[in-house]
Amino acid sequence: MSDVTVNRQWVLARRPVGAVSVDDFRYQEGEVPEPGEGEVLVRTLYFGYDASQRIWLTDDGGYMRPVGIGEPMRTMGIGQVVASSDPGYRPGDLVEGFMSWQDYVVARSDGPMPLRVLPPADFPLSWNLGVFGVGGLTAYFGVTDGLKVGPGDTVVVSAATGATGSVAGAVARAMGAKTVIGIAGGPEKCRWVVEEAGYDAAIDYRDDDFAERLRELCPDGVDAYFDNVGGDMLDTLLLHMAPHGRVLICGAMSSGYTDVQLQGPTNYMKICTQQLTVRGILLFHYRDRLAEGARELGQWVREGRLHVAENIVEGFEHAPGLLPTLFTGKQPGKLLLKVADPA
Ligand SMILES: NC(=O)c1ccc[n+]([C@@H]2O[C@H](COP(=O)([O-])OP(=O)(O)OC[C@H]3O[C@@H](n4cnc5c(N)ncnc54)[C@H](OP(=O)(O)O)[C@@H]3O)[C@@H](O)[C@H]2O)c1
């Protein structure tokens, strides 16, 4: 057991109304918790940033229990086991799973995403939250299973600079797609999508000629659309889908996730007339196949077919300040906060 007694925490001070802000959180210091029966005490090392954290701050919580006022903010994280009463975890083990914005968390092996022990690996520890974490694995299962991308497909991915989108293009290419197009905000991010993430072309969603560019780049329509954004962008894409096209609803960034009740698409009759298939994805449902996804992604990384992008900020004090940037603009790739080094 560690001899450290202070546990720094960022707790939810009030439920955000509209966009999440730093002022919605409060800093406090608590005691290092004691793990109970079947529990594991973990010292946190990295926090991952996911747009879904904003959903967990709503009254409803979306697909998980909402974070309560006064509770440390929930996050996906990487940590190191300090003490354990679960035989599956030993002190010193590096682990990934649900944690919260504090130095020490009590974790359990059960739940929607089990706390997984990270085997020794020849890649940076932080990649377990990015390319081998929620974003990369959602990209993998979304493209291979959700959209069933195959040879000859024209594929479009929105939020293509994000943790998920920056991987989805490479997965689509590995599946034999004919053309892979990414959507991003601004010329610099569009350049990154092509030159770094390896897409064939990019479309700037902030440009007025968005629909025209889509028509130009996909003259026969879009066979598979990986939708991370929803809203008007989804509506525009529905007008450009090829007959029998597939749409994967992965996220709704354009909504800001301030409410769980969102307006659906207006052009939904295209689903009928073009005989489209629309599917959703929630990574939790692939919890038994995560190792398979990580293995495949790892192989493509080793072969140089998959570009890994992360954006690591250091310092526990930055925890709340980074969350709003998911919605207001951030660097390409997975956003992470490093709070400590492993012992
Ligand atoms: N269903 C699941 O299991 C699952 C798992 C993981 C992620 N997701 C969803 O996937 C989406 C992307 O998450 P991520 O972690 O990959 O991204 P991320 O790294 O958090 O980056 C945010 C991305 O969203 C884009 N974005 C933000 N506001 C936008 C807007 N108003 N219009 C268009 N694009 C906007 C940004 O693009 P620009 O910088 O170019 O503006 C950026 O690429 C989210 O909706 C998230 O909820 C779902």
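**Group meeting: cavities, a pocket and the cores**

The second largest cavity in this predicted model has a volume of about 50 Å³. A cavity here is a set of points, on a 1 Å grid over the protein atoms alone, where a 1.4 Å probe fits but cannot get out, and lining residues have an atom within 4 Å of a point. Grid points are joined across faces, edges and corners, and a volume is the space filled by probe spheres set on the points.

Two housekeeping sentences. Residues are numbered from 1 along each chain as its sequence is written, and side-chain values use heavy atoms, with hydrogens and water left out. As the model is predicted, local features need pLDDT of at least 70 and side-chain atom pairs count only at pLDDT 80 or more, while totals for chains, interfaces and linings use all residues.

Back to that cavity. Its lining consists of Gly130, Val131, Ala163, Ser166, Val167, His307, Val308, Ala309 and Lys334. Domain 1 (6-130 + 308-338) and domain 2 (134-284) each give at least three residues to this lining; the domain bounds come from an automatic or database domain assignment.

How many cavities of 30 Å³ or more are there? The count is two. The largest cavity holds about 70 Å³ of space. Among its lining residues are Met76, Glu96, Arg116, Phe132 and Leu290. At least two lining residues come from each of β5 and α2 (134-146); helices (H or I, at least four residues) and strands (E, at least two) are DSSP runs, numbered from the N terminus.

Next, the second largest pocket, with about 520 Å³ of space. A pocket is an open set with protein on both sides within 12 Å along at least five of seven lines. The pocket has 22 lining residues, and Arg74, Phe98, Met99, Val106 and Ala107 are the closest to its centre. β5 (94-100) and β6 (104-108) are the elements that give two or more residues to this lining, and β6 has the largest share, four residues.

Last, the cores. A nonpolar core is a set of buried Ala, Val, Leu, Ile, Met, Phe, Trp, Tyr and Cys residues joined through side-chain atoms within 4.5 Å, where buried means under 20% relative accessible area with a 1.4 Å probe, protein chains only. The largest has 76 residues, and Phe25, Tyr49, Trp101, Leu297 and Leu323 have the most contacts inside it. Both domain 1 and domain 2 supply at least three residues to this core. A second, separate core has 18 residues, including Ile183 and Leu276.

Note on methods:
Buried < 20%, exposed > 50% of the residue type's maximum accessible area, 1.4 Å probe, protein only.
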